Amino acid sequence: MDDSTNLGYYYCIDCKHIGRLTNMYFDKCEKCISDNCIIFHNKITIPLYEIDMLKQVSRDKKFLQAMVDLQENDIIEYQMRINQIEQQINIQKHQSQSNQPRCPKCGSTAISTGARGVNYLWGFIGASKTVNRCSNCGHTWKPRG
Ligand SMILES: [Zn+2]
Ligand SMILES: [Zn+2]
């Protein structure tokens, strides 16, 4: 083990490459030549799924680096922020899911909602006059909620 030469790691926001720092001054991602990278001064201390989560909030390098620094300096404050962000993302996910119906058969979001007054044709789906139709597979179903 040659830990004395460990200068830390970088994470490339653009291509998700993780590389070792080879000198004191970070230059560019060795894979995609982007300089949109954040620096871990010792080792990767943030799990990658948390980095992905943070990237949903902002892909700004300064924001992400600030979170890395915060994690290294004040883990409690960092955890608090991560929890807040996680909640926020879950709420957003929930909202976008309820705004965007999916076909229960194939999962496609290409859905048209139509009002159907012809009950003898659509009677099998119940009394509702509204029906969703998947443009992908043709499946029709009664919208919920
Ligand atoms: Zn890269
Ligand atoms: Zn479908």
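Trainee: How many of the 25 residues of α3 are buried?

Mentor: Zero of the 25 are buried, so α3 lies largely in the open. Buried means 20 or more other C-beta atoms within 10 Å of the residue's own, exposed means 12 or fewer, and partly exposed lies in between, with C-beta atoms placed from the backbone. This is a predicted model, where local features need pLDDT of at least 70, side-chain atom pairs count only at pLDDT 80 or more, and totals for chains, interfaces and linings use all residues. Residues are numbered from 1 along each chain as its sequence is written, while chains are lettered from A and ligands numbered from 1 in the order in which they are written.

Helix α3 covers residues 75–99. From its first C-alpha to its last it reaches 36 Å, close to the 36 Å expected. The expected span is 1.5 Å times one less than the number of residues.

Now set α3 in its chain. There are four helices and six strands. Both are DSSP runs numbered from the N terminus: helices are H or I with at least four residues, strands are E with at least two. From the N terminus the order is β-β-β-α-α-α-β-α-β-β. Of the 145 residues in the chain, 10% are buried. Contacts (C-beta atoms, placed from the backbone, within 7 Å) can also be sorted by separation. Among those with a separation of 6 or more, 45% join residues 24 or more positions apart.

Next, helix α2, at residues 61–73. Its 13 residues should span 18 Å, and its end C-alpha atoms are 18 Å apart, which agrees. Leu64, Met67 and Val68 are the buried residues of α2. They share a side of α2, because they cover an arc of only 100° around the axis. That arc is taken from the directions from the helix axis to the C-beta atoms. On the other side of α2, Lys62 and Asn73 are exposed. The buried residues pack against β3, α1 (48–57) and α3. That brings us back to your helix: α3 is one of the packing partners of α2, though zero of its own residues are buried.

In soluble globular proteins, nonpolar side chains tend to be buried together.

Three strands form an open antiparallel sheet in the order β2-β1-β3. Strands pair if DSSP finds at least two bridges between them. β2 and β3 are the edge strands, each pairing on one side only. β1 (residues 9–12) and β2 (residues 18–20) are joined by three bridges. There, Tyr10 stands opposite Gly19. Four bridges link β1 to β3 (residues 37–40). Here Tyr11 has Ile38 as its bridge partner. Beyond its neighbours within four places in sequence, Tyr11 is in contact with Ile18, Cys37, Ile38, Phe40 and Ile51.

Finally, look at two loop residues. Most residues other than glycine have a negative phi. Lys16 is not a glycine, yet its phi is positive, about 65°. Lys16 sits in the loop between β1 and β2, a hairpin with five residues between the strands. Lys16 counts as partly exposed because it has 14 C-beta neighbours inside 10 Å. Ile33 also has a positive phi, about 60°, without being a glycine. Its place is the loop between β2 and β3. Ile33 has 11 C-beta neighbours inside 10 Å, so it counts as exposed. The C-alpha atoms of Ile33 and Cys15 are separated by 9.7 Å, and the two residues are 18 residues apart along the chain.

Methods. Two residues are in contact if their C-beta atoms, placed from the backbone, lie within 7 Å.
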